[in-house]
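Open the model in your viewer and switch to a cartoon view. Keep the sequence panel beside it.

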Amino acid sequence: MKKTGLLLLLLILVSCGATSTKTTTNKPLFDVLTQESYGGASIRFFEILTESNEIKMLQNDPKLRNKIKENDIQTSSFIILNMGEKATSGYKIGVESVVETAKNIVVTVKEEAPKSDAIVSEAVTNPYCVVRINSKKEIIVK
């Protein structure tokens, strides 16, 4: 009986001591920082920003200022996706998927047009999206 009680107490002590207080926080592979219908460029293009001076330029934008931290310059890259000028509302550009391979990051862009029966405004729009990639690997945009 003493041996069983001692064994049970030993098991409890060992199992309690096995817990770890260390926590790890894994960042998602990407974050959409902003996705807007107005304010993008008039031509369609995708731009990858990896250099610190390019990223600091983003920090001057009022919509992005509080979303980009100083350490992001060393640990992240950014992509600006511009859909170009559209004659009506209802267009959208964003990220369909982001896949990390051993050598690079593959970003698949998703562009949406308004449905044929959608009610749209006749206002000119310039959809754009800014994405943070939490890696410094080479980025391929598809």
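Predicted model: local features only at pLDDT ≥ 70, side-chain atom pairs only at ≥ 80, totals over all residues.

Stop 1: Select β1, β6, β3 and β2. In that order they form an open sheet of 4 strands with antiparallel pairing. Now colour β1 (30-36) and β2 (45-49): these are the edge strands, and each pairs on one side only. Look along the sheet. Neighbouring strands are turned by 15 degrees against each other on average, direction ignored.

**Stop 2: a strand pair.** Select residues 77-82, strand β3, and residues 128-133, strand β6. The two pair in the antiparallel sense over 6 bridges. Which residue stands opposite valine 130 of β6? Show side chains and find isoleucine 80.

**Stop 3: the helix.** Select residues 52-59, helix α2. Helix α2 lies across β2, β3 and β6. Against β2, the helix runs at about 110 degrees.

**Stop 4: asparagine 134.** Go to the loop between β6 and β7 (138-141), where asparagine 134 is found. Is asparagine 134 buried or exposed? Its relative accessibility is 17%, under the 20% cut-off, so asparagine 134 counts as buried.

Next, show the side chain of asparagine 134 and its partners. Another, of 3.3 Å, links it to the side chain of serine 76.

Finally, select the residues that asparagine 134 touches, leaving out those up to four places away in sequence. They are Lys27, Pro28, Leu29, Phe30, Asp31, Thr75 and Ser76.

Notes: Residues numbered from 1 in each chain as written. Heavy atoms only, no water. Pairing = 2+ DSSP bridges. Axes fitted to C-alpha atoms, helices over the stretch in contact; angles between N-to-C directions. Contact = heavy atoms within 4.5 Å. Buried < 20%, exposed > 50% of the residue type's maximum accessible area, 1.4 Å probe, protein only. Polar contact = N/O pair within 3.5 Å; in protein donor to acceptor, adjacent residues only side chain to side chain.
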